[in-house]
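Here is a short report for a reader meeting this structure for the first time. Look at the sequence and the model, then read on.

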Protein chains: 2
Amino acid sequence: PAKVKSRRQMWDVQPSEMANNTLNPIRAIVDGMKLTPNPDKPMIALSIGDPTVFGNLPTDDAVLQAMKDAIDSQKFNGYAPSVGYLQSRQAVANFYSCPEAPLQAEDVILTSGCSQAIELVINVFCNPGDNILVPCPGFSLYKTLAVSMGIKVKLYNLLPEKSWEIDLQHMESLIDERTSCLIVTNPSNPCGSVFKKEHLQKILKVASKHCVPILADEIYSDMVFPGCNSSSLASLSSDVPILSCGGLAKRWLVPGWRMGWILIHDRNNIFGSEIRQGLVKLSQRILGACTVVQGALESILNNTPERFYRDTISFLQSNSEICFNELSTVPGLNPVMPSGAMYLMVGIEMERFPDFKDDVDFTERLVTEQSVFCLPASAFEYPNFFRIVVTVPEEMMVEACIRIREFCQHYHRPPSSDCNDLDQ
Amino acid sequence: PAKVKSRRQMWDVQPSEMANNTLNPIRAIVDGMKLTPNPDKPMIALSIGDPTVFGNLPTDDAVLQAMKDAIDSQKFNGYAPSVGYLQSRQAVANFYSCPEAPLQAEDVILTSGCSQAIELVINVFCNPGDNILVPCPGFSLYKTLAVSMGIKVKLYNLLPEKSWEIDLQHMESLIDERTSCLIVTNPSNPCGSVFKKEHLQKILKVASKHCVPILADEIYSDMVFPGCNSSSLASLSSDVPILSCGGLAKRWLVPGWRMGWILIHDRNNIFGSEIRQGLVKLSQRILGACTVVQGALESILNNTPERFYRDTISFLQSNSEICFNELSTVPGLNPVMPSGAMYLMVGIEMERFPDFKDDVDFTERLVTEQSVFCLPASAFEYPNFFRIVVTVPEEMMVEACIRIREFCQHYHRPPSSDCNDLDQ
Ligand SMILES: Cc1ncc(COP(=O)(O)O)c(C=O)c1O
Ligand SMILES: Cc1ncc(COP(=O)(O)O)c(C=O)c1O
């Protein structure tokens, strides 16, 4: 037999560095928490960014019907092109095209959820050793993906006192010659904030000045409360090339269906054909979205009634207001009223709660004593806050706020100048 | 404002090395071919590994019904765990469990098609600079994925004269201390071959001797012609740990639905919890399969009638025999009869066809003159062969063979000893 360089005499199979470096901060923190609810109170989970868990927010019948029609047609069982069916891409292009930011079918790539859209974009822009700019607090997937790929993450601050606008000076100070992408999440998870037009223009100015392309995570686009004027980043850009990531998950309330997309905005032809081809090549590695959902997509986008979108937003706004109004008067808490999406961030004046080490400790004890679970914002690299998901049924929202108040009232220590503790 | 290390003054956005290194050999070859069919003959494409394109192989009604039930239940709109619903994993475990290779729900990870299963397995086993052993001829995705990740590919030979068995000596000679995975495709794309039990045992012996874990690509498992005894690799392994990749794509004739899985076989606990945890972590990067298909999976596996599987296989066998019998008597061609899957490889005695440079040239001209398109096996790193997909309707199979015969008869030059060309 041929001479063989014997590999090893013993089994030793270890996971790759990439597997070891794939870190999910939410899992890391939640798995480390002792989450034993108070047996006397039913659990209320305000922690999960999945609007379907309580059954109070079903998707529209038109969406379900579109799926069943796609199945019955038997036209959507085979392989689709790796970037998606042309007709489905055209439907997305038509849905999001506007005069300031026109889109054609070729500007759309369908993906397996917005997550894969984000992965493809980071992957096409960045080499190991590059860095990306990521909002803080921000959605944790950006960092999880980047770190696993050997890409560095630089966190730029959002300002709670300015409705979570970006600290532009801080953001700009982080840019260097290896910054290959700026990620902007608008509307925001975890903040529920929506940037004003003027603020978006300032962001674009920084990107333009330093020639950094943008990944706009707009999965919550159009999930904006009435009265708040919102724009897509691309509709305001004259030069900065933008890859906008979105999908069906949130607005159509079907996150499990894994239908996402990338919208390519490049009116100055800065990406050229290279970035487009790069995206196409990367899309061939795994193939994207389920063809049944792709087949249903045109009908989903065209036939979902306006009423459905409106009702969803009204519900989210009403729950946000209930929650904000309640928690505003709780001693030691500083909720920030959202303008969209499905989240609300609450600041904790930690020095008023000396019984707790940090936000993780605080939220853990809130479970133990009150059976209310909110995600500590440490999971978003933002200690001393917690995040509330406002998709729960109204009565649970109300009940949760009552329990949070009770909890805080019990542990809150007023500042010493306000009380006479020391004098007595 | 803060001091900024200005990045660049001009836009220069280039795709990453990974994007540039994602090479699809089938696309590279096919895109370079001039595929202009003869206008007098309707095109017959025997090139696409998608059994649904001709409409003659619909999936079973039970499969469609399972999907519609899953949609109507409204239980499968939200996020599933990243490794899939427990109940769906249990259903796959039950379906594939056997006494020699028992499976539990925790041994199953659901993925977005078999492609993502393969990607996760390569990803969990290999670091950049490692190498993997891949069959030649073989499915091109292995190399596409590996090269894009900086992993080297070593091709081991299959032997057409031995029904495409592995050249075990050659395979063994390629193993070195950085070989982190052996890929075995059985039944095979592109060969349609099915390994006998004894051959599988010899493969396992090599893996065991050198302590190399196996990725068993068994997407065509159970698609085996009657009379041919087939086993899964795991059912024969006493020590070698195996990750078996499969899915709904081929046997259930729904490749677009993107439902795949990894079956973890590790009875000697060589992977330990590390590899399992590595797979779980990697699965969280993007999230896998569409929840509707996941929700339908148990019913698909349990309610698809035996008759459906049998009918599919009968059809594939009958078409294979038609094709093999026809082409066996064509001068200059050497078809190899398959035992399963949906492919048949045909050797070209290139020296008998001096008009053509290679298999790419040969198949290109077959399109131009006869409007029959077969994939040149250069796409599988195996020149001088072409691959026929046998899922086309029978009458097209027959017609295609007639045209291939006509084409070959026209260009075939008999060996000089058999004719008197030179003497005249
Ligand atoms: C800001 C943001 N982007 C992307 C995603 C992922 O979306 P998908 O479920 O479509 O992958 C989420 C999900 O919570 C999100 O909050
Ligand atoms: C051998 C082999 N493995 C894997 C795949 C990919 O399967 P899927 O479509 O489920 O990703 C194919 C598809 O042709 C194949 O032939």
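B:T144 is buried, because its relative accessibility of 7% falls under the 20% cut-off. This residue belongs to helix α6 of chain B, which spans residues 141–148. A polar atom of the B:T144 side chain sits 2.8 Å from the backbone oxygen of B:L23. Leaving aside residues up to four places away in sequence, B:T144 touches B:T22, B:L23, B:N24 and B:P25. All of this is read from a predicted model.

A:E172 has a relative accessible area of 13%, so it counts as buried. Its helix is α7 of chain A, residues 168–174. The side chains of A:E172 and A:K209 are joined by a polar contact of 2.7 Å.

Next come some backbone details. Most residues other than glycine have a negative phi, and most peptide bonds are trans. The table lists exceptions.

| Site | Feature | Value | Location |
|---|---|---|---|
| B:N186 to B:P187 | cis peptide bond | omega near -15° | B:P187: loop between β6 (179–185) and α8 (197–210) of chain B |
| B:N189 to B:P190 | cis peptide bond | omega about 20° | B:P190: loop between β6 and α8 of chain B |
| A:Q74 | positive phi, not a glycine | about 60° | loop between α3 (61–73) and α4 (86–96) of chain A |
| A:L253 | positive phi, not a glycine | about 60° | loop between β8 (242–247) and β9 (259–265) of chain A |

Is A:L253 buried or exposed? A:L253 is buried, because its relative accessibility is 2%. A:Q74 is partly exposed, because its value is 31%.

Now step back to chain A as a whole. Its secondary structure comprises 13 helices and 14 strands. Along the principal axes, the C-alpha atoms fill a box of roughly 80 × 65 × 45 Å. How does the radius of gyration of chain A fit a compact globule, and what are the values? A compact globule of 424 residues would have a radius near 22 Å, and chain A has 23 Å, so the two agree.

Of the 424 residues in chain A, 60% are buried. Among contacts with a separation of 6 or more, 74% link residues 24 or more positions apart. As for charge, chain A carries 36 positive and 48 negative side chains. The centres of these two sets lie 8 Å apart.

Methods. Residues numbered from 1 in each chain as written. Chains lettered and ligands numbered in written order. Predicted model: local features only at pLDDT ≥ 70, side-chain atom pairs only at ≥ 80, totals over all residues. Heavy atoms only, no water. Helix = DSSP H or I, 4+ residues; strand = E, 2+ residues; numbered from the N terminus. Rg over C-alpha atoms; globule rule 2.2 N^0.38 Å. Buried < 20%, exposed > 50% of the residue type's maximum accessible area, 1.4 Å probe, protein only. Contact = heavy atoms within 4.5 Å. Lys, Arg positive; Asp, Glu negative; His and termini not counted. Charge placed at Lys NZ, Arg CZ, Asp CG, Glu CD. Polar contact = N/O pair within 3.5 Å; in protein donor to acceptor, adjacent residues only side chain to side chain.
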